[in-house]
Amino acid sequence: MDLGLSNKRVLVTGGNFGLGAAIAKAFAAEGARVAINYLVNPRQADIFVEEVTATGGETRQLRADISDPEAVEAMFRAIDDAWGGIDISW
């Protein structure tokens, strides 16, 4: 299915496991560039990013506590620096 998401820049919070991982995979399968936010377990985030990247998707991981405004600001700055912003956040 083509949802018109090719090259869209997406941020998925809690994206390295559970529902967040499923959402990140779905966006990547549609050709979106996916930034995966996580807080704990960086090794799990590494494994997940490798898995999505192996399918041809462009994926980044960003560790940030989304309850901390400064961390959120830094996360968005990192996305801006890498991709020039985001189109979709989930």
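Residues are numbered from 1 along each chain as its sequence is written, and side-chain values use heavy atoms, with hydrogens and water left out. Because the model is predicted, local features need pLDDT of at least 70 and side-chain atom pairs count only at pLDDT 80 or more, whereas totals for chains, interfaces and linings use all residues.

View 1. Lys25 and Glu51 meet through their side chains in a salt bridge (a side-chain nitrogen of Lys or Arg within 4 Å of a carboxyl oxygen of Asp or Glu), with an N to O distance of 2.7 Å. The pair links distant parts of the chain, 26 residues apart, since Lys25 belongs to helix H1 (residues 18–29) and Glu51 to helix H2 (residues 42–54); helices (H or I, at least four residues) and strands (E, at least two) are DSSP runs, numbered from the N terminus. Lys25 is partly exposed at 37% relative accessibility, and Glu51 is partly exposed at 39%, where buried means under 20% relative accessible area, exposed over 50%, and partly exposed in between (1.4 Å probe, protein chains only).

**View 2. A salt bridge within helix H3.** Among the five salt bridges of the structure is that of Arg77 with Glu73, whose closest N and O atoms are 2.9 Å apart. Both residues lie in helix H3 (residues 69–83), four residues apart, or about one turn of the helix. Arg77 is partly exposed, at 44% relative accessibility, while Glu73 is exposed, with a relative accessible area of 51%.

View 3. Ala71, Met75, Ile79 and Trp83 are the buried residues in view here. Seen down the axis of H3, the buried residues fall within an arc of 80 degrees and so line one face of the helix, the arc being that of the directions from the helix axis to the C-beta atoms. Strand S1 (9–13), strand S2 (33–38) and strand S3 (59–63) are included in what covers these buried residues, whereas the face turned away from the buried side carries the exposed residues Pro69, Glu70, Glu73 and Asp81.

**View 4. The two ends of helix H3.** At the start of H3, a side-chain oxygen of Asp68 reaches to within 3.0 Å of the backbone nitrogen of Glu70. Just after H3, Gly84 takes a positive phi of about 80 degrees.

How values were computed. Contact means heavy atoms within 4.5 Å. A polar contact is a pair of N or O atoms within 3.5 Å; within protein, one must be able to donate a hydrogen and the other to accept it, and residues adjacent in sequence count only if both atoms are side-chain atoms.
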